[in-house]
Amino acid sequence: MADDYVRRTAITRLSVDGEQHDLLEDTSTEWKRGCQLATDMAWGKCNAKSDVQPLAYDDIREQTDLGSQHAILATHQAAQAITGCIERRAKGKKVSKPTFTAPTVKYDTRTMTLFDDDTVSLSTTENRVRCPLALPETDDGYQRQYLDSDEWSVTESTLTARDGEFFLHIGFRRDKNDTERNTAEDGTVLGVNLGIENLAVTSTASFFSGRELTHRLREFETVRAGLQQTGTRSAHRTLVQSRGRELRYVRDVLHRASNALIDEGLRYDCDVIAFENLTHIRDRTGASWGHKWAFRTLYEYVEYKAEAVGISVKQVGSAYTSQRCAECGFTAEENRSSRTDFRCAKCGSEANADYNAAKNIGMRYVCRGQQSSRRTGDSQLALKSGTVTPKGGFTAYPNGFEAEFTDKPHPQHAEGV
């Protein structure tokens with residue numbers, strides 16, 4: 001059973017030539033088509049793998065260039081996405097049919113083979129390609145503890161594209177020991193802070209601006225107030241049309257922001273996306289009611305989209321996350337020098353205030369796992385250049401995976417991340 005295993009992921013860049021790059025890109029395109037085709041066919045009819053596979057397999061094989069095993073995996077991915085929607089609907093939340101846009105491809109032991117010479121063979125739409133793993137030159141990279149161990153075995157993995165390069169998120173598993181058995185899975189956490197200046201900022205230093213949204217919301221509020229004051233039938237019709245435009249615009253912004261957050265979670269192979277508790281967010285941010293609705297809607301969009309790709313979405317308490325220094329832990333009101341800037345009065349660390357808060361939110365979820373009897377406390381926070389644990393243990397990402405800057409504050413670079 002899956003609950004009897006501890007699972008980990010090792011990320012490594014692939015060294016591919018031009019032909020291999022094109023084949024992997026084509027495979028990613030066909031994978032998305034296959035997943036969408038299976039979802040379109042099964043939506044409203046079934047969600048079990050055993051039902052979706054016979055329903056959609058033949059059509060995927062006929063209408064895409066996917067091989068037989070990848071066609072099967074596409075039906076499984078569709079089943080998982082539909083199941084997530086059904087579970088969300090059961091909680092009384094609105095759902096829509098899943099769409100597949102992320103540049104990823106699932107691999108299993110039939111479509112991927114790891115070799116002892118640090119190469120990997122991957123199935124594509126035409127033939128297999130064998131690529132070197134771009135591992136650190138020294139043998140002290142964190143991937144080695146899984147690649148060189150007989151204790152860990154390879155399981156389902158994910159290929160993802162980023163800035164013209166391919167990264168393989170290799171899945172590993174081992175049997176749980178007695179103390180780990182029957183505990184929930186731990187993993188990598190992405191912290192997210194919501195706000196006015198920046199609609200969303202992640203612990204990996206990804207910024208989604210909120211300035212345009214704020215400007216448009218104010219415009220809508222001004223127009224709406226004027227039409228309501230007029231009170232004529234014509235004004236009422238115009239008000240209805242204005243509300244429709246407002247909703248379409250805001251939902252488009254929120255969909256784009258939620259897609260960016262899901263992409264960031266996939267990019268860093270996160271198991272959990274952690275938000276602050278939204279109950280008192282209006283008091284903390286001074287947001288309008290429109291912003292509060294936008295925050296909650298963004299959370300719900302991320303929640304249902306994350307379910308489709310196997311990521312959990314959680315909320316944690318927000319107390320002092322804007323005043324606490326993510327570097328040394330010192331908490332004080334004077335640390336927050338302005339809405340946008342954070343400077344620790346104790347250690348002197350400087351950072352964008354929303355970025356600092358995002359790291360605190362993510363670390364709060366990680367620390368909560370250490371205090372839970374149901375978890376092993378083996379979670380880690382995703383940062384820009386690596387992962388960190390509450391005790392300060394830092395693991396860098398593979399060379400080339402991210403920018404050369406570390407996660408020490410670099411406010412001069414934050415706006416352009």
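How many bridges join E6 to E7, and do they run parallel or antiparallel? Eight bridges join the two strands, which run antiparallel. The model is predicted. Its chain has 417 residues, of which 49% are buried. The secondary structure comes to ten helices and 17 strands.

**Confidence**

- The average pLDDT of the chain is 82. A score of at least 70 is reached by 80% of the residues.
- Residues 180-185 have a pLDDT below 50. Beyond near neighbours in sequence, this stretch still has 18 contacts in the model.
- Where pLDDT is low, the predicted coordinates should not be read in detail.

**Contacts across the chain**

- Take the contacts between residues at least 6 apart in sequence. Of these, 64% join residues at least 24 apart.

- Strand E2 covers residues 104-107. Thr104 and Lys106 point one way from this strand, and Val105 and Tyr107 point the other way. All of them are buried.
- E2 pairs with strand E6, residues 153-162, through four bridges. The two strands run antiparallel.
- Thr104 has Thr160 as its bridge partner, and Tyr107 stands opposite Ser157.
- E6 is also joined to E7, by eight bridges. Here Ser153 has Arg173 in E7 as its bridge partner.
- The hairpin of E6 and E7 has two residues between the strands. In this hairpin Asp163 takes a positive phi near 50 degrees.

**Thr160 in E6**

- Thr160 lies in strand E6. Its relative accessible area is 10%, so Thr160 is buried.

**Aromatic cluster**

- The structure holds four aromatic pairs.
- Tyr146 and Trp152 form an edge-to-face pair, because their ring planes stand at 90 degrees. The ring centres of Tyr146 and Trp152 are 5.0 Å apart.
- Tyr146 and Phe172 form a stacked pair, because their planes are at 25 degrees. The ring centres of Tyr146 and Phe172 lie 5.5 Å apart.
- The pair of Tyr146 and Phe172 links distant parts of the chain. Tyr146 is in helix H4, residues 144-147, and Phe172 is in strand E7, residues 165-175. They are 26 residues apart.
- Tyr146, Trp152 and Phe172 form one aromatic cluster.
- Tyr146 counts as buried at 9% relative accessibility. Trp152 is buried at 13%. Phe172 is buried too.

- Helix H1, residues 18-42, has 25 residues. From its first C-alpha to its last, H1 reaches 36 Å, close to the 36 Å expected at 1.5 Å a residue.
- At the start of H1, a side-chain oxygen of Asp17 comes to within 3.2 Å of the backbone nitrogen of Glu19.
- Just after H1, Gly44 takes a positive phi of about 80 degrees.
- Helix H3, residues 68-90, has 23 residues and should span 33 Å at 1.5 Å a residue. Its end C-alpha atoms are 33 Å apart, so the span agrees.
- Gly92 follows H3 and has a positive phi, near 85 degrees.

**Gln53 in H2**

- Gln53 is found in helix H2, residues 49-63. Its relative accessible area is 27%, so Gln53 counts as partly exposed.
- Gln53 and Ala42 are eleven residues apart in sequence. Their C-alpha atoms are 9.4 Å apart in space.
- Not counting residues up to four places away in sequence, Gln53 touches Ile72, Thr75 and His76.
- The side chains of Gln53 and His76 are joined by a polar contact of 3.1 Å.

How values were computed: Residues numbered from 1 in each chain as written. Heavy atoms only, no water. pLDDT = per-residue confidence, 0-100. Contact = heavy atoms within 4.5 Å. Buried < 20%, exposed > 50% of the residue type's maximum accessible area, 1.4 Å probe, protein only. Pairing = 2+ DSSP bridges. Expected span 1.5 Å × (residues − 1). Polar contact = N/O pair within 3.5 Å; in protein donor to acceptor, adjacent residues only side chain to side chain. Phe/Tyr/Trp six-rings, centres within 6.5 Å; stacked < 30°, edge-to-face > 60°.
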